[in-house]
Amino acid sequence: MAIVESVIEPETLSAIAPNDIGRRTRRNSEHADSERFELRSVVAGETQDKSTPPNNSQGSPSPAPLPDARYIKHQKRLQYTALCFCLFLAGYNDGTTGPLLPSIQRRYQLNFTIVSLLFVCACIGCVIGGLSNVFLTDRYGFGKQWLVYSDYDLIFSDSGAIGQVIGYGMMASAPPFPVLALGYVVNGFGLSLQDAQANGFVAVLDGGSLAKMNFMHAIYGFGALSAPLIATQFARLNRWSFHYLTSLGIAIANLIFLTAVFRFKTQEEILTKNGQAPAEVSTSQKNTLRQILQNKTVHFLAFFILVYVGIEVTMGGWIVTFIIGQRGGGPSAGYVSTGFFGGLTAGRLVLHFATRIIPERHTIFIYAILCIGLELTIWRVPSLIGNAICVSFIGFFLGPMYPSVMNHTGKILPRWLLTGAIGWIAGLGVAGSAVLPFMTGALANHFGIVSLQPIIIASFAVMTLFWALVPRLERREV
């Protein structure tokens with residue numbers, strides 16, 4: 001844009017009054033300044049009107065100040081820590097039953113089949129929680145699900161946290177077996193809701209979601225590692241059920257922590273406040289539950305997790321009985337379960353780095369084959385120490401599978417479907433924590449606990465087949 005300036009001839013300069021010269025000079029200067037400002041605006045790609053002065057200080061509202069970056073970072077860490085603590089409690093819960101199982105059998109005079117009903121009851125609670133999660137997430141949101149058994153303002157996460165508090169309170173007094181089993185149902189319901197919400201939240205985080213998922217599930221493994229160390233001590237006492245008081249204390253702390261951090265906000269509210277872009281919106285006229293139930297990929301993932309969780313709980317729950325019955329282990333055999341969950345924790349921390357070299361889809365095939373080889377060793381080599389070492393390595397290779405699958409789920413499912421889908425996957429998947437241990441108990445009642453290893457090997461083969469059916473590429477449309 002050209003800049004026009006007035007030129008005054010020297011001959012006429014003397015005919016112009018001095019005041020007039022000053023006025024003309026100021027006008028020319030102002031005009032030139034205005035033109036230069038326009039030129040700068042065009043070059044910079046601005047669309048500001050010529051009549052608007054460059055200084056926008058005359059009463060126009062200033063933009064709202066952005067939240068302090070350090071505060072947002074602090075909030076993100078606090079939220080992630082709360083979810084990790086939630087998974088610690090889940091691991092502590094799952095690591096408890098195995099060492100206490102012989103004590104429960106002696107206390108209630110139960111055979112393998114009947115005592116296995118505890119796994120079935122936990123499964124019933126988890127499946128109900130998984131189905132409820134889809135409806136509750138749509139209606140009440142993320143934060144409100146962290147608190148349960150309330151009115152329409154503070155909805156369902158303890159069924160989330162309160163469910164676990166109630167469940168452990170029911171178990172701590174060693175009540176009649178039906179009441180103990182009911183406590184497993186209530187506890188499973190709350191555990192399922194929290195597991196779905198935590199995994200769904202971490203799966204959609206921007207940047208490093210796989211690392212965060214692995215670490216969060218390593219904390220689960222740490223909880224499962226800690227529980228047998230404590231439960232084995234209580235198993236030697238007449239008041240073995242007092243172990244559930246330690247679980248109750250952790251559950252109360254979990255309830256307080258989740259309430260203070262998330263404050264009943266939805267997941268999208270939290271992520272938006274943290275500076276993450278809003279999720280895409282579903283264009284389907286179908287409700288979320290119908291979309292989930294009609295998605296084949298969700299079911300392949302759910303059945304994979306069903307078998308995976310079944311293997312994990314069966315190994316952690318029945319391996320102590322196997323070591324005592326088949327390898328001559330004593331009262332300290334409960335520490336074999338500790339080795340399994342210790343390997344689980346270490347695998348999630350260490351093998352995370354393998355996915356930077358090998359695609360996570362391929363690593364699961366590799367880990368499954370290695371686990372089958374170790375199971376064959378336990379079955380055919382009658383060595384207590386050798387079996388204990390193999391159990392630890394099975395946990396090591398089994399550990400990273402679950403977080404890798406959850407992370408892969410976040411890649412192939414749309415975000416608006418993710419939390420509900422993970423709830424269904426985790427809820428149905430936890431059915432494996434009942435089906436496989438119950439099958440093991442029923443077969444052990446007829447053929448002996450030696451049947452544990454063939455069941456585990458067959459389960460690894462089925463799990464690998466389901467993983468082969470899961471799509472490998474990202475797909476964002478449903």
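Visitor: How is the expected span of a helix worked out, and what span does helix α16 reach from its first C-alpha to its last?

Guide: The expected span of a helix is 1.5 Å times one less than its number of residues. In this predicted model, helix α16 covers residues 384-398 and has 15 residues, for which 21 Å is expected. The span from the first C-alpha of α16 to its last is close to that expectation, at 21 Å.

Visitor: Which residues of α16 are buried, and which helices are included in what covers them?

Guide: Buried here means under 20% relative accessible area, and in α16 this holds for N387, C390, V391, I394, G395, F396, F397 and L398. The cover over these buried residues includes α13, α14 (334-350), α15 (360-380), α17 (401-412) and α20 (452-469).

Visitor: Is G316, in helix α13, buried or exposed?

Guide: G316 is found in helix α13, and the C-alpha atoms of G316 and D94 are separated by 8.1 Å although the two residues stand 222 residues apart along the chain. Leaving aside neighbours within four places in sequence, G316 is in contact with G98, S337, F340 and F341. Because its relative accessibility is 4%, and the cut-off is under 20%, G316 counts as buried.

Visitor: How many salt bridges does the structure hold, and which residue forms a salt bridge with R348?

Guide: The structure holds one salt bridge, and it links distant parts of the chain, with R348 in helix α14 and E312 in helix α13, 36 residues apart. Both R348 and E312 are buried. The closest N and O atoms of the pair are 3.8 Å apart, which falls within the 4 Å cut-off for a salt bridge, and the partner of R348 is E312.

Visitor: How much space lies in the largest cavity?

Guide: Rolling a probe the size of a water molecule over the atoms shows where empty space is left. Counting cavities of 30 Å³ or more gives one, and the space in the largest cavity is about 440 Å³.

Visitor: What residues line the largest cavity by class, and which of them lie nearest its centre?

Guide: Helices α3 (69-94), α4 (97-108), α6 (117-140), α8 (177-203), α9 (209-235) and α13 (296-327) each supply at least two residues of this lining. By class, the lining has 16 nonpolar, 11 polar and four charged residues. Of the 31 residues that line the largest cavity, those nearest its centre are N93, D94, L191, Y220 and V313.

Conventions:
Residues are numbered from 1 along each chain as its sequence is written. This is a predicted model: local features need pLDDT of at least 70, side-chain atom pairs count only at pLDDT 80 or more; totals for chains, interfaces and linings use all residues. Side-chain values use heavy atoms; hydrogens and water are left out. On a 1 Å grid over the protein atoms alone, a cavity is a set of points where a 1.4 Å probe fits but cannot get out, and a pocket is an open set with protein on both sides within 12 Å along at least five of seven lines; lining residues have an atom within 4 Å of a point. Grid points are joined across faces, edges and corners, and a volume is the space filled by probe spheres set on the points. Helices (H or I, at least four residues) and strands (E, at least two) are DSSP runs, numbered from the N terminus. Ala, Val, Leu, Ile, Met, Phe, Trp, Tyr, Cys and Pro count as nonpolar, Asp, Glu, Lys and Arg as charged, and the others, Gly among them, as polar. Buried means under 20% relative accessible area, exposed over 50%, partly exposed in between (1.4 Å probe, protein chains only). Contact means heavy atoms within 4.5 Å. A salt bridge is a side-chain nitrogen of Lys or Arg within 4 Å of a carboxyl oxygen of Asp or Glu.
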